[in-house]
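Please consider the following briefing on aromatic contacts and strand pairing. The sequence and model are shown first.

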Amino acid sequence: MATLSCKCGKVVIQFPTAKPRCTTECCCDDCFERLNFLFKQGGPSIEHGIFMRTRPITIHWFDNRLEVMQGSKYLKFYKLRPSSGVINMASSCCNTFLAKENPRYQGNTVAVFEQDFGEHSYEDTANQYHQPRPVVHVHNIKNMKASKPFIRMFPNHWLHENVQFLHPLPHVWVNDTGDATGSPKDWETTFEEFMEKTSKPVRKNAPGMDFADLIACNGGNIEVASAKVLLNQEPSRSRDTKEAAIVTSG
């Protein structure tokens, strides 16, 4: 079974399977901000390619059943905005992002970001990376048997010149009318497959608690990210995410 841990190792969470339901890539501003918000509170540095918006975040979608093996007292929950339906889970001990849950998947899946806690040089004042110096690869997910990403979300949140160098995958984003669209022409088939995988009910008697139960055990406390912290970032490269229009954002 796959296990998820924070950078300092005080929180360890186990999933009921070693293999996630599926794996995707995401370029959206909100997923970047989930990591950036915690970084600004002393959390793990953001990997060079992700920070420079040249490498998408890899997301593994697991059953919404989590068994906290250790560190339940260090769990905390937050939203990026008061209106957001997406709730994020992090560790209070080292401000590591752990997972997010979107109610549009009907409580069946949680999304986990693949992270490497290897050391990187970072210039805080300019908020820009020097040449990265990975020392040791320390991955947040262990004992996982994941397949390669099969779809990429929100490439329109990136500069076009960065997107064109990515390996080919079906793309899905939000158009000017607020509807989901994509490329190439058969993107809808792949997107339907994604929705089927992420919305399928969790098998009965799966071990662990669901995301809502973990929040309840935490007293129902959900922090809202400070607007001041979120605004203290690079100028946006694209339109704002319209979370109401597509299920993968917010």
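A residue counts as buried under 20% relative accessible area, as exposed over 50% and as partly exposed in between, with a 1.4 Å probe and protein chains only. This is a predicted model, in which local features need pLDDT of at least 70 and side-chain atom pairs count only at pLDDT 80 or more, while totals for chains, interfaces and linings use all residues. Residues are numbered from 1 along each chain as its sequence is written, and side-chain values use heavy atoms, with hydrogens and water left out.

**Aromatic contacts**

- Rings of Phe, Tyr and Trp (its six-membered ring) pair if their centres lie within 6.5 Å; planes under 30 degrees apart count as stacked, over 60 as edge-to-face and the rest as tilted.
- The structure holds 10 aromatic pairs.
- Phe191 and Phe194 form a stacked pair, because their ring centres are 6.1 Å apart and their planes lie at 25 degrees.
- Both Phe191 and Phe194 are buried.
- These two residues, Phe191 and Phe194, belong to helix 4 (residues 187-199) and are three residues apart, about one turn of the helix; helices are DSSP runs (H or I, at least four residues), as are strands (E, at least two), numbered from the N terminus.
- One aromatic cluster is formed by Trp61, Tyr105, Trp187, Phe191 and Phe194.

**Charge over a ring**

- Arg53 lies over the face of Phe32, at 4.9 Å from the ring centre (the criterion is NZ of Lys or CZ of Arg within 6 Å of the ring centre and within 35 degrees of the ring normal).

- An open sheet is formed by four strands in the order 5-2-1-10, with antiparallel pairing (two strands pair if DSSP finds at least two bridges between them).
- Strand 5 (67-70) and strand 10 (141-142) are the edge strands, each pairing on one side only.
- Strand 2 (residues 12-14) pairs with strand 5 in the antiparallel sense over three bridges.
- Val12 has Gln70 as its bridge partner in strand 5.
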